[in-house]
Amino acid sequence: MSRPPTRRRVLTLAAGAALTSGTAPAARAAATKAAPARAAGAPSPVPSSWAVHPFRLDQVTLGDGVFRRKRDLMLDYARSYPADRILAVFRANAGLDTRGARPPGGWETADGNLRGHYGGHFLTLVAQAYADTREAALKSKLDHLVGALAECQRALAEHGTPRPSHPGYLAAYPETQFVLLESYTTYPAIWAPYYTCHKIMRGLLDAYTLAGNAQALTVASSMGDWVHSRLGHLPKAQLERMWSIYIAGEYGGMNEVMADLYALTGRREHLVAARCFDNTALLDACAENRDVLDGRHANQHIPQFTGYLRVYDHTGEERYAAAARAFWGMVAGPRTYSLGGTGQGEMFRARGAVAATLDDRNAETCATYNMLKLSRQLFFREPDAAYMDHYERGLTNHILASRRDAPGTSGPEVTYFVGMGPGVVREYGNTGTCCGGTGMENHTKYQDSVYFRSADGNALYVNLYLASTLRWAERGFVIEQTSTFPAEGVRALTFREGSGRLDLKLRIPSWATAGVTVTVNGVRQPVEAVPGSYLTLARRWRGGDRVEISTPYRLRVERAPDDPSVQSVFHGPVLLVAQSPEQGFRAFSFYRDFTLRGDLADSIRPEGRPLHFTTHGLTLAPFFVADDTRYHAYFRRFEPVVVFGGSDSGVPNRTRGDGLTFLDVLWEQAPFPSAGRFVEAVRVLAGTWLSAGLFTAAERDAVVAAAVRADLRS
């Protein structure tokens, strides 16, 4: 990439550096304990605090469409990329034969301080791919990876150089980085050792829960024992200082994975270790709803809050849940770009600073990956449609857009930053980087949030309108959804198998303001569909029943909170970007073309291809089309004079205190049923502008006269 992210430079530690003191007594280094017996492949137990439960990845299959096509591109990478290249850095660290394999590259090099993280992501990729496809070759590859990592863990315990402090240690470098962190060594001398640990442990747990590899749980449980042995005896103040260090103290979702491990093993030490990762200053601030995010590293902190929710599940301590809810609200909205991503140059900026931060280094893809995970986890406890609105935005406009629309098996071909400034271009690749790792995962789990079920099994939530089939064995239902999403169209849910009473909860997206129609077996239902909520159809369903939901798309703009003249344009849920290499903001004017209906369709015309439009001589394309075209995700709205069609008042289109102009406020009242109602609305609003000192009496009269002269069509 032309401008590398702040964590790109990889420095090395001398091989075999001596360990410093600070480990627990030698008695800790007992033989590695096997995890307690449990049904192989059983998912983690669902907490009693969850009102809503997910379906297993293998219970939902994607239908035809762009999501499946992008998924298939990543499946090709999972199938073809050599496992031994992933294992090379682990084997080298354990003193084992690397079998001539070269490490993947990027940050995953033989001497990189973050080496091993990419291997953890690759485990998750293959586990998800196997859960989705049940291909025997993928299972064999996954088992090979896990077996080799177990061999590395044993080799390190028996003859590591230097020997680890506990036989559960597993990494692609010596324990030195962890020791140095305990004395507050900073980046780049060390590079986020617990972040790497998290990726490896997460991949192992996914190999167990998604693919039934029991050995993976044994290895992960031993790693958890090692984590407890390193951290369990450290003073709280020392831990908190460690986690406050930029990059070096980044630990990914260690609290989440340790809590998940505890749910599987029941070992108290694993829950104790999860709580060692409390980043108390930020945790307490968010629990008190104090926004202190400005200047903090975005992706260093987002996954911490998913972890706090999992700790809450096991402890019941409300501050963990309160902090996660408040943190989500500080990011989703006030710090979110139109595509659903956050951050400039990996950092959170001031609350509401969107227009002021647009450049070529916005929206680290990892951060969106983690915000979607947090949204999903919050929904399990409180099924608020706002969480799924955010999920849909990020999934459709960032994650789907992050995989290049071209085959490639030498690397994941995904984005790191996604610029939101004028005339930027997406750059793909990212072998060995953090976004390369999460990118592998993103495109092999599209179906994981399409459907959820209520805790009692009496309700089915339809969250996303992706072509898919749900096999709900516990209820005997097989439900097929046909859909062209993200394109516009009628979505249909057909009960292919099963019968029984069920509350079918259909999400009505917040953007669905053009009317919603729901039919059952062709009969329109007398229901109220409120945008930003769920509509419930409660009845006894039978095989062959068919539900159709229509949510027509409308063209709309979204304004940046810090400068309402900086805007993005959407068609329904789909972000449209203007294709142009120009490096300055393009200026768009729309109101002159408006008719009484007040619709952007009067100014933005269909181009001919689905979801493509033209305006001001430019093509507007759906952002999920992932190519190398330079684009503008935001434009500058330029409406200098109050004008209605060809009737120009000559009066400046002044703004009020919130940044909205006279014409902005007027056209928010559209559509107008008649010219008379339109003129009356202009008259009333012009009077308001006069009272506020924004118009003179003469200007008010000129605006009203222009409205009377205007010949606007319906």
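This is a predicted model: local features need pLDDT of at least 70, side-chain atom pairs count only at pLDDT 80 or more; totals for chains, interfaces and linings use all residues.
Local features need pLDDT of at least 70, side-chain atom pairs count only at pLDDT 80 or more, and totals for chains, interfaces and linings use all residues. Residues are numbered from 1 along each chain as its sequence is written, and side-chain values use heavy atoms, with hydrogens and water left out.

**View 1. The open sheet runs β1-β5-β6-β10-β13.** Its 5 strands show mixed pairing; strands here are DSSP E runs of at least two residues, helices H or I runs of at least four, numbered from the N terminus, and two strands pair if DSSP finds at least two bridges between them.

**View 2. Strand β1 meets β5 and helix α14.** β1 and β5 (residues 451–454) run antiparallel, joined by 3 bridges, and His-53 stands opposite Arg-453 in β5. Helix α14 (residues 365–381) lies across β1, β5, β6 (459–462) and β13, with contact meaning heavy atoms within 4.5 Å. The helix runs at about 135° to β1 (axes are lines fitted to C-alpha atoms, for helices over the stretch in contact; angles run from 0 to 180 degrees between N-to-C directions).

**View 3. Who lines the largest pocket?** A pocket is an open set of points on a 1 Å grid over the protein atoms alone, where a 1.4 Å probe fits, with protein on both sides within 12 Å along at least five of seven lines; lining residues have an atom within 4 Å of a point. This one is lined by 40 residues, with Pro-43, Pro-54, Thr-209, Leu-210 and Arg-376 nearest its centre. The largest share, 6 residues, comes from α14.
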